[in-house]
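Student: I'm new to this one and would like a close look at a single part. Could you walk me through it slowly?

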Amino acid sequence: MTDPIDRKGLKRRFWESKPLAKMSQKEWESLCDGCGKCCLNKLEDEDSGTVALTRIACRLLDDSTCRCAHYDNRHQFVPDCIVLKPDNLDTHAYWMPQTCAYRLLWQGEPLPDWHPLISGTAQSVHDAGVSVQGWTLSEFDIPEDDWEDHIIEEPT
Ligand code: SF4
Ligand code: SF4
């Protein structure tokens with residue numbers, strides 16, 4: 001599959017030597033593996049602070065491509081969709097999927113071999129079974145009270 005993210009011309013393994021806050025916009029965006037898991041609805045326990053992801057996807061997620069169907073104007077439909085940046089990663093990393101490259105680097109962990117920056121192809125994310133491809137349910141179809149029945153085990 002064609003990689004929708006431009007990862008050409010980047011220095012080999014730049015993320016191992018460059019801090020997140022020092023990355024260029026292109027480097028920052030290239031870290032996204034395209035898994036789509038940050039577009040799943042999550043359940044957060046207010047007392048313990050634990051977060052569980054569900055297979056119930058945001059209304060705009062296309063789970064065949066694992067991409068937002070209206071990324072550029074998504075805030076018209078989903079006003080609280082976050083724009084992840086180096087200066088708000090501290091706030092959001094705790095709920096990001098366990099395989100998310102931003103979370104992994106924030107935690108000081110390496111990127112996995114299936115990451116497109118290492119494998120050289122976006123398809124490796126789907127082949128490794130870590131994307132949402134083909135297994136989400138729409139939030140239009142499942143009442144919020146039932147989301148608890150659709151919690152997923154991470155890091156799948
Ligand atoms: S979870 Fe992380 S790596 Fe996956 S699509 Fe979202 S931002 Fe990208
Ligand atoms: S609006 Fe788009 S980017 Fe934001 S959570 Fe929904 S599908 Fe993902």
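Student: Which residue stands opposite V51 in strand 2?

Tutor: That's E44. Before we go on, this is a predicted model, where local features need pLDDT of at least 70, side-chain atom pairs count only at pLDDT 80 or more, and totals for chains, interfaces and linings use all residues. Residues are numbered from 1 along each chain as its sequence is written, while chains are lettered from A and ligands numbered from 1 in the order in which they are written.

Now the part itself. Strand 1 covers residues 40-44 and strand 2 covers residues 51-57, and they pair in the antiparallel sense over four bridges. Strands here are DSSP runs of E, at least two residues long, and helices are runs of H or I, at least four, numbered from the N terminus; two strands pair if DSSP finds at least two bridges between them. Together strand 1 and strand 2 make a hairpin, with six residues between them. In that turn, G49 has a positive phi of about 80°.

Where does this sit in the whole? The protein chain has five helices and five strands, and from the N terminus on they run α-β-β-β-β-α-α-α-α-β. Looking at all 156 residues, 22% count as buried, meaning that 20 or more other C-beta atoms, placed from the backbone, lie within 10 Å of the residue's own. As for extent, the C-alpha atoms fill a box of roughly 45 × 35 × 30 Å, taken along the principal axes.

Methods:
A residue is buried if 20 or more other C-beta atoms lie within 10 Å of its own, exposed if 12 or fewer, and partly exposed in between; C-beta atoms are placed from the backbone.
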